[in-house]
Amino acid sequence: MQRFRLLALPALAGFLVAATPLAKMAAPWPDALDSPAAFDEASRAEIAMGAPSTAAELAFAAALASCAREKRRFCAGLAAARAEIQALPPRYAAWRAASAAFHAAYGQEEARLVALAAKTTSEIVRLDPSELLGPELADKQILLSFDDGPATGTATEELTAFLRREKLNGFFFLVGANLSPRVEQSGAKAVSSWYEGMCLGWHGARHVPHTSLESAGASIDAGKAALSLLGVIEPRFFRPPFGQRSGEVLAHLRFGGWTNVLWNLDSQDWSPQLEAQDVARRVETLILTKRRGIALFHDVHPKARVALPALIARFAGSGVSWMDCRELGKRT
């Protein structure tokens, strides 16, 4: 709590808002991730490059599982791994420098979210035990999620078609202001067909912070009718725009039978600071570091459609499990 109070000081919060760059990974781990042991080795290295924390220690312990089965590096403990990393051969130099820069910038990102949490809330601070943030998932289990759709044009249809070809799915959190014109243009049946095999959640009638809406309840409740129109029998998954919610918003969600779904693997695919390759590398690094969670993308931006094929290919054979979105309902 002392760290939280320090970060919440107005001067520091203002500095973090103005000065925090987005973390991007210039050079990824140079080895393949084509087996569980290879993934665990890269995971141990990436965790060791990050800031010490209880979460890091727990993730590192999970990454030690394959050490008993195969002779691999970084198996002597977290402190020893940091020393081993410094002694790696020259071909790891670019990754080592990029990883150090990434984790420094990502630490600032997280500190900024903590500093702002008392005023705006964010995905980094749990407000209610019922919320899903991502760490609840199993080790190496990743849920794909997509916000703000449906997109104009064919972007959403192309993305969902790709997921179906890969025998994957994801959670799509729809915005009423984007959904209504697509239904009027193409019809509910056609729009529903775009999401065949996917899971649908609600992102509000408009993409605005619900903490400042006088009619936040009405915006949330509008999702019941909108998603039912697309064939969702009992809509009950909500994601607040910008991750901003309050006790009042959460109370309304509970009363209406909604489950609040946030994320812990933020792709930042909306940002002009990141190219699609940066998005893929950023999410890869976060998966190696956190080892589980809910990945946030946007089908209204083009980068997910480029980054996802690269990520799926990169983790093929690694033991990473792309979670069936329908399993989320069994956890609530």
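A residue is called buried here when its relative accessible area is under 20%, exposed when it is over 50%, and partly exposed in between. The structure above is a predicted model. With the definition of burial in hand, a first pair of residues can be described.

Glu157 and Arg182 are both buried. They form a salt bridge, in which the closest N and O atoms are 3.9 Å apart. Glu157 belongs to helix α7 (residues 155-165) and Arg182 to helix α8 (residues 176-186), so this bridge ties together parts that are 25 residues apart in sequence. Salt bridges that share partners also join Asp31, Glu41, Glu70, Arg72, Arg73 and Arg91 into one network.

Side chains of opposite charge can pair when their charged atoms come close. In this model there are 18 salt bridges. One of them joins Arg73 to Asp31, with 3.1 Å between the closest N and O atoms. This pair links distant parts of the chain: Arg73 is in the loop between α4 (54-63) and α5 (78-86), while Asp31 is in the loop between α2 (10-19) and α3, and the two are 42 residues apart. Arg73 has 25% relative accessibility and therefore counts as partly exposed. Asp31, at 15% relative accessibility, counts as buried.

Another salt bridge is made by the side chains of Asp128 and Arg254, at 2.6 Å from N to O. Here too distant parts of the chain are linked, as Asp128 is in the loop between α6 (93-120) and β1, Arg254 is in helix α11, and 126 residues separate them. Asp128 counts as buried because its relative accessibility is 13%. Arg254 has a relative accessible area of 45%, so Arg254 is partly exposed.

Aromatic rings come next. A pair of aromatic rings is described by the distance of the centres and the angle of the planes. The count for this structure is 12 aromatic pairs. Phe146 and Phe172 make a stacked pair, with 4.6 Å from centre to centre and 20° between the planes. Phe146 lies in strand β1 (residues 141-149) and Phe172 in strand β2 (residues 171-174), so the pair links distant parts of the chain, 26 residues apart. Both Phe146 and Phe172 are buried. Phe171 and Phe173 also form a stacked pair, at 5.3 Å centre to centre and with 20° between the planes. These two residues, Phe171 and Phe173, are buried as well.

Trp29, Phe74, Tyr92 and Trp95 are linked into a cluster by ring pairs.

Which residues have the most contacts inside the largest nonpolar core? They are Phe172, Ile287, Phe297 and Trp322, in a core of 74 residues. Leaving out residues up to four places away in sequence, Ile287 touches Phe39, Ile142, Leu265, Phe315, Val320 and Trp322. There is also a second, separate core of 16 residues, and Leu133, Phe171, Leu262 and Ile294 are among its members.

Helix α3 (residues 36-49) can be followed from end to end. Its 14 residues reach 20 Å from the first C-alpha to the last, close to the 20 Å expected at 1.5 Å a residue. Why is α3 described as largely enclosed by the rest of the structure? The reason is that 13 of its 14 residues are buried.

Two single residues complete the tour. Glu284 is placed in helix α12 (residues 276-290). Its relative accessible area is 7%, so Glu284 is buried. Not counting residues up to four places away in sequence, Glu284 touches Pro28, Trp29, Leu33, Leu311, Arg314 and Phe315.

Pro241 is found in the loop between β4 (237-238) and α11 (247-255). Is Pro241 buried or exposed? Pro241 counts as buried, because its relative accessibility is 0%. Apart from neighbours within four places in sequence, Pro241 is in contact with His203, Arg206, His207, Val208 and His210. For Val208, the separation from Pro241 is 33 residues in sequence and 6.0 Å in space, C-alpha to C-alpha.

Notes. Residues numbered from 1 in each chain as written. Predicted model: local features only at pLDDT ≥ 70, side-chain atom pairs only at ≥ 80, totals over all residues. Heavy atoms only, no water. Helix = DSSP H or I, 4+ residues; strand = E, 2+ residues; numbered from the N terminus. Expected span 1.5 Å × (residues − 1). Buried < 20%, exposed > 50% of the residue type's maximum accessible area, 1.4 Å probe, protein only. Phe/Tyr/Trp six-rings, centres within 6.5 Å; stacked < 30°, edge-to-face > 60°. Contact = heavy atoms within 4.5 Å. Salt bridge = Lys/Arg side-chain N within 4 Å of Asp/Glu carboxyl O. Core = buried A, V, L, I, M, F, W, Y, C linked by side-chain atoms within 4.5 Å.
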